[in-house]
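Please consult the sequence and the structure while reading the points below.

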Amino acid sequence: MVVRIERVGVLGAGVMGSAIAAHLANAGVPSFLLDIVTPELSEEDRRKGLTRENPSFRNRLAARGLDTVLKASPAAFFSPKDARLITIGNIEDHFGWIAQADWIIEAVAERLDVKQALLAKIEAHRKSGTLVSSNTSGIPIRTLAEGRSQDFRQHFLGTHFFNPPRYMKLLELIPGPGTLPEVMQAMAEFGERTLGKGIVFAKDTPNFIANRIGTFGLFTAMRVMIEGDYTVEEVDRLTGPAIGRPKTATLRTADLVGLDTVAHIASNIAQALSNDEERLAYAVPPFLQELVKRGWLGEKAGQGFYKRIRGSEGGEILALDYKTMEYRPQRKVSIPSLDATQGIEDAAERLRALAYADDRAGRFVWRALRDTLLYAAHRVPEIADEIVNVDRAMRWGFGWELGPFEIWDALGVERASKRMEQDGKAPPPLVTKLLGSGDATFYRREAGRPYVFDVAATKKVEIRERPEIISLPVLRERERVVAGNAGASLIDLGDGVACLEFHSKSNAIGPDILQLTRTSLELCAERFDALVIGNQGKHFCVGANLMALLFEAQDENWDEIDFIVRAFQRTSMAIKTFEKPIVAAPFAMTLGGGCEICLHAAKIRAAAEAYIGLPEVGVGLIPAGGGCKEMLLRSMEGIPAGVEVDLLPFFRHAFETIAFAKVSTSAKDAQRLGYLRPTDKFTMNQDRLLYEAKRAALAMVAEGYVPASPKDDIKVLGERAIAAAETQLYNMKSGGYISDHDELIAKKLAAILAGGHVTPETVVTEQYLLDLEREAFLSLCGERKSQERMQYMLATGKPLRN
């Protein structure tokens with residue numbers, strides 16, 4: 001079955017519907033966004049002279065939804081221009097448009113009668129074979145499909161996006177009783193490849209997988225909090241990064257979701273369950289009922305478990321005392337076992353240390369984890385046939401580092417089971433089957449291949465590998481490392497392509513990475529056809545090793561700093577002029593030196609969520625690894641040969657991009673800023689990034705790659721550009737927008753991009769511009785205020801203006 005989804009009809013322009021339409025636009029997929037016509041004209045409508053026939057009135061809800069996502073923070077669109085792919089309308093006048101859609105998604109209010117009526121109307125207008133789905137978060141798919149034709153039911157499924165759709169990886173797919181397997185597979189392919197989602201196949205059970213487990217975990221944490229007399233701050237410290245969860249932890253996450261929404265989800269789950277004991281677990285505690293009653297609904301109301309005091313210095317945040325229902329200043333949480341985990345990077349090791357600790361932290365973590373793990377194990381195969389789907393749902397939908405069954409393994413299944421029995425908790429049948437099979441873990445690796453315990457077969461089965469998902473850790477297990485040191489490795493990707501992987505702390509660039517890069521180029525010249533620069537860390541690269549640089553500057557080791565900068569510049573130029581194609585594969589934070597590495601590659605294949613920039617001015621410096629030079633050259637690349645144009649606007653673009661430390665909000669935004677060329681592509685699903693970068697490299701090989709040569713014909717504006725920049729800086733300083741030190745940094749930057757104090761139209765070389773970069777960088781390293789900025793950034797993670 002071949003399904004091509006080229007246009008989508010989105011019915012319902014509320015929070016989810018409009019955000020789904022926005023993400024479809026991010027993927028280049030046009031959509032119709034329809035909502036109902038509001039019942040009556042408002043007084044404002046009458047003052048404007050609108051009638052019920054006016055499109056502004058009839059399309060109001062869809063227009064409002066589109067406007068909301070255009071103003072959303074974080075941004076719903078990769079680029080606001082993508083909104084043109086969304087055509088707004090209303091269900092009364094434009095419902096016939098859905099006949100043009102290949103996929104129709106219903107995203108209206110969570111009411112069975114409303115959804116069923118809309119689905120009946122869809123059936124009357126859809127083409128045969130068109131996919132139809134509901135974005136319900138809990139209404140049974142089988143109930144929604146009742147009364148529909150066979151063709152409709154065969155092409156109908158649940159598509160549960162998580163909010164916000166652009167950023168949340170999880171997409172749960174839920175079949176109805178008659179859904180064709182081919183339909184499920186087609187939607188999975190579209191969701192994964194085109195929309196960049198992580199696909200999980202869920203069964204048609206109350207609230208599917210992630211919300212079922214996640215909501216249970218939330219209410220379990222609140223119950224343990226009450227029973228153990230823990231504070232709000234303690235709960236969030238103990239259920240955040242310490243156990244491999246997001247920084248928002250449990251109660252702060254509830255505030256962000258909305259406490260009324262949390263209570264509503266729990267009530268819906270409880271009503272749908274038949275087991276009284278399980279239903280009790282979702283009972284809304286009295287203090288949460290009171291919070292909802294008072295309208296203290298979390299972030300949207302300004303107060304919930306936490307309350308921000310507006311106007312106070314630094315925006316003080318108070319915490320709720322749920323026993324008195326009063327807010328008080330937050331209290332620092334310090335418990336020995338919790339404090340001891342701060343230096344442990346491995347999530348499984350942190351979990352073990354906390355869960356088995358014999359103190360206040362250990363007791364909370366053990367009880368909260370124990371009940372959640374038992375619950376998850378009892379839900380298989382009820383909510384999913386494969387435990388992999390449960391773990392992925394929690395990682396992708398709730399941001400857990402480890403899913404429930406991975407946590408079982410981390411704690412030790414046998415050890416955890418024995419302790420649970422001591423607590424009077426019988427092990428679930430799934431755990432008994434696992435241990436009875438002679439196995440002690442749900443997952444294991446053998447010869448570099450992953451295996452998982454199969455519930456039905458009661459034995460380990462291999463997790464199918466997919467060629468489009470390259471795993472560097474797996475290749476490392478299979479001894480595909482060609483060379484390496486503490487900061488980087490060269491790994492054989494196969495088919496004549498190698499990968500230069502950074503793996504220092506935060507992938508910060510230091511001498512070890514520069515040395516391995518040069519070694520990798522030598523090896524690639526001898527043994528490979530192309531090179532990909534990429535990794536699978538949290539971020540591609542946060543820049544140079546700032547702490548090492550600061551130490552050298554404070555010790556006034558100028559010769560050492562000069563040596564390091566020269567080495568970086570030589571490495572950048574070696575990448576640019578390498579005889580074989582090099583493709584950089586940036587993702588997430590790609591800043592400073594990481595951006596400069598990418599700028600010198602022959603091609604960039606970025607993840608859609610790539611935040612690329614040269615923010616060195618924030619730490620009192622300028623880019624010195626060739627970043628200034630490359631941004632100037634890229635700004636002028638579109639000028640046809642032999643055409644005389646005013647170069648000042650091109651200079652200004654490069655200058656303002658670096659001087660204002662502009663960082664892209666997406667790969668598409670990086671194209672606008674000039675960090676990516678218009679010919680550079682991006683990948684929606686980061687799991688496929690290395691595979692697609694490798695394909696891009698092989699395509700360049702097949703086309704006959706011609707390496708770049710150092711430029712010796714760069715026309716610069718010299719004194720003219722410097723004067724223009726200094727005038728702009730004078731006005732900004734006079735207006736109080738920049739400090740004296742900001743002005744100093746920007747003047748040095750302007751001098752580099754202008755080619756120094758030379759006459760306009762002077763022709764210079766790349767090396768000349770690199771020398772200007774290095775000289776400016778060294779002089780700024782000696783500035784006390786620059787060193788203060790570096791210290792502040794290292795201490796706080798934020799730039800300092802001084």
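**Loop residues and overall form**

Asn207 is found in the loop between strand 8 (198-201) and helix 10 (210-228); helices (H or I, at least four residues) and strands (E, at least two) are DSSP runs, numbered from the N terminus. The model is a predicted one, in which local features need pLDDT of at least 70, side-chain atom pairs count only at pLDDT 80 or more, and totals for chains, interfaces and linings use all residues. Residues are numbered from 1 along each chain as its sequence is written, and side-chain values use heavy atoms, with hydrogens and water left out.

**Overall form**

- The protein has 35 helices and 25 strands.
- A compact globule of 802 residues would have a radius of gyration near 28 Å, and the 29 Å of the protein agrees with this. The radius of gyration is taken over C-alpha atoms, and the globule rule is 2.2 Å times the number of residues to the power 0.38.
- Along the principal axes, the C-alpha atoms fill a box of roughly 80 × 70 × 60 Å.

**Backbone features in loops**

- Asn207 has a phi near 60 degrees, which is a positive value in a residue other than glycine.
- Ser73 and Pro74 are joined by a cis peptide bond with omega about 0 degrees. Pro74 belongs to the loop between helix 4 (60-70) and strand 3 (86-90).
- The peptide bond from Asn163 to Pro164 is also cis, with omega near 0 degrees. Pro164 belongs to the loop between strand 6 (156-161) and strand 7 (170-175).

- An open sheet of 8 strands has the order 3-2-1-4-5-6-7-8 and mixed pairing; two strands pair if DSSP finds at least two bridges between them.
- Strand 3 and strand 8 are the edge strands, as each pairs on one side only.
- From one strand to the next, the twist averages 25 degrees. Axes are lines fitted to C-alpha atoms, for helices over the stretch in contact, and angles run from 0 to 180 degrees between N-to-C directions.
- Strand 5 (residues 131-134) runs parallel to strand 6, joined by 3 bridges. Val132 stands opposite Phe156 in strand 6.
- Helix 6 (residues 112-125) packs on the sheet and touches strand 1 (8-11), strand 4 (103-106), strand 5 and strand 6; contact means heavy atoms within 4.5 Å. The direction of helix 6 makes about 160 degrees with that of strand 4.
- Helix 9 (residues 181-194) also packs on the sheet, touching strand 4, strand 5, strand 6, strand 7 and strand 8, and its direction makes about 170 degrees with that of strand 7.

**A hairpin**

- Strand 12 (residues 443-446) and strand 13 (residues 449-454) run antiparallel and are joined by 4 bridges.
- Arg444 has Tyr451 in strand 13 as its bridge partner.
- The hairpin has 2 residues between the strands, and Ala447 takes a positive phi near 50 degrees.

**A helix pair**

- The axes of helix 17 (residues 347-355) and helix 20 (residues 404-411) come within 9 Å and cross at roughly 65 degrees. This angle makes helix 17 roughly perpendicular to helix 20; angles under 35 degrees count as roughly parallel, over 145 as roughly antiparallel, 65 to 115 as roughly perpendicular and the rest as oblique.
- In this pair, Ala348, Leu351, Arg352 and Ala355 of helix 17 meet Ile407, Ala410 and Leu411 of helix 20.
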